[in-house]
Amino acid sequence: MSLVLHFADEAALARALAHELEWACGEIGCHVFPDGELRLTLPKPLPSRVVLLRGLQQPNAKLAALLIAVPAAREFGARHLSLVAPYLAYMRQDMEFRAGEAISQRHLGQALAGWFDALITVDPHLHRVSSLDEVVSGRRGVAVSAAPLLGRFVADRVPGALLLAPDEEAGQWVRAAAASGGLEHAVCHKQRHGDHEVQVALPAAGLRGRAVVLLDDLASTGRTLAVAAKAALAVGAASVDVAVTHGLFIGDALQTIRAAGVREVWSSDCVPHTSNAVSVVPLLAAAVRQVVQLPFG
Ligand code: R5P
């Protein structure tokens with residue numbers, strides 16, 4: 001038997017993944033003591049093949065839980081333990097931008113490589129390393145992409161849309177989405193001055209009269225999308241919608257995006273949210289099948 005293990009807040013996604021894989025599904029109980037300590041209760045015994053589904057949005061508390069859950073799962077029988085993290089945090093700090101900054105991508109990758117046999121994620125924010133294998137050195141890393149799904153979804157909802165990447169880093173996802181949906185695309189240039197301050201310069205491509213769909217891997221504060229949407233509407237775009245793989249929508253992000261004139265906001269179900277419009281579950285299941293075919297290491 002093989003099992004998808006999950007926490008209560010991701011039960012729906014875990015059940016969908018287990019159903020797609022025709023595996024069993026088991027929940028980790030979590031009691032938070034008044035002082036913040038956790039008491040985790042795992043199904044016991046565990047089968048030898050276990051996938052732990054844990055998206056790393058709001059990562060810090062979840063990483064503390066993994067610190068306990070992983071050795072417990074091993075102790076209770078999991079020999080091959082993979083992490084499916086539809087959203088993988090800490091990937092953006094991938095170099096020492098200023099002297100003394102820790103390269104979180106590398107250090108988190110090393111920790112995950114120590115805990116898990118394999119890591120599966122969706123559209124990780126990788127720019128200075130070529131693959132997820134490099135992040136979890138010595139382990140198997142599989143990155144799947146929601147961009148083609150989003151591209152087909154947009155083509156269906158907004159025929160003839162111009163897909164617009166709000167920054168160069170999103171160019172890769174916009175190109176994949178455009179190819180999949182048979183749509184045109186263009187890329188903006190972004191400068192970030194702070195957590196909530198960004199400037200976006202539009203591409204030369206004419207936006208006047210076009211139905212623009214901004215597509216990015218991630219919406220966090222929503223400022224990138226809001227600034228890009230305002231700029232597109234200011235030069236005469238007929239409409240602006242938004243499609244993202246990971247809808248974190250921190251704080252007032254959604255209101256900010258809507259106040260900028262955005263019509264529809266769509267996301268994949270990597271992060272559970274009311275904007276979820278496409279499902280990555282079949283992609284995750286295919287990646288799990290690929291990973292568990294490997295002999296136990
Ligand atoms: C960064 O390059 C990412 O692709 C996103 O554009 C960025 O993280 C979005 O952040 P925010 O929503 O806070 O502007």
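Q: Which elements each supply at least two residues of the lining of the largest pocket?
A: In this predicted model, they are β10 (189-194), β12 (211-219) and α7 (223-234). The most comes from β10, with five residues.

Q: What is the volume of the largest pocket, and which residues are closest to its centre?
A: The volume is about 1,200 Å³. The lining has 38 residues, and R92, K190, R192, G194 and D195 are the closest to the centre.

Q: How does the lining of the largest pocket divide into nonpolar, polar and charged residues?
A: There are 14 charged, 13 polar and 11 nonpolar residues in that lining.

Q: What makes a space a cavity and not a pocket?
A: A 1.4 Å probe fits in a cavity but cannot get out, whereas a pocket is open. One cavity of 30 Å³ or more is found in a search of the whole structure. The largest cavity holds about 70 Å³ of space. Its lining has 13 residues, with Y87, L88, M91, H125 and L218 the closest to the centre. By class, the lining of the largest cavity has eight nonpolar, two polar and three charged residues.

Q: Why are α1 and α9 called oblique to each other?
A: The axes of α1 (residues 11-21) and α9 (residues 281-292) cross at roughly 55°. Roughly parallel needs an angle under 35 degrees and roughly perpendicular one of 65 to 115; the angle here falls between those ranges, and the helices are therefore oblique. The axes come within 9 Å, and the crossing is right-handed. On the α1 side the contact is made by L13, A16, L17, E20 and L21, and on the α9 side by V281, P282, L284, A285, V288 and R289. This contact has nine nonpolar, two charged and no polar residues. Glu and Arg count as charged, so E20 and R289 are the charged ones.

Q: Which residues of α5 and α6 meet?
A: From α5 they are A147, P148, G151, R152 and A155, and from α6 W173, A176, A177, S180 and G181. Six residues of the contact of α5 with α6 are nonpolar, three are polar and one is charged.

Note on methods:
Residues numbered from 1 in each chain as written. Predicted model: local features only at pLDDT ≥ 70, side-chain atom pairs only at ≥ 80, totals over all residues. Heavy atoms only, no water. Axes fitted to C-alpha atoms, helices over the stretch in contact; angles between N-to-C directions. Helix = DSSP H or I, 4+ residues; strand = E, 2+ residues; numbered from the N terminus. Parallel < 35°, antiparallel > 145°, perpendicular 65-115°, else oblique. Left-handed = near helix turned anticlockwise from the far one by under 90°. Contact = heavy atoms within 4.5 Å. 1 Å grid on protein atoms, 1.4 Å probe; cavity = no way out; pocket = protein on both sides within 12 Å on 5 of 7 lines; lining within 4 Å. Points joined across faces, edges and corners; volume = space filled by probe spheres on them.
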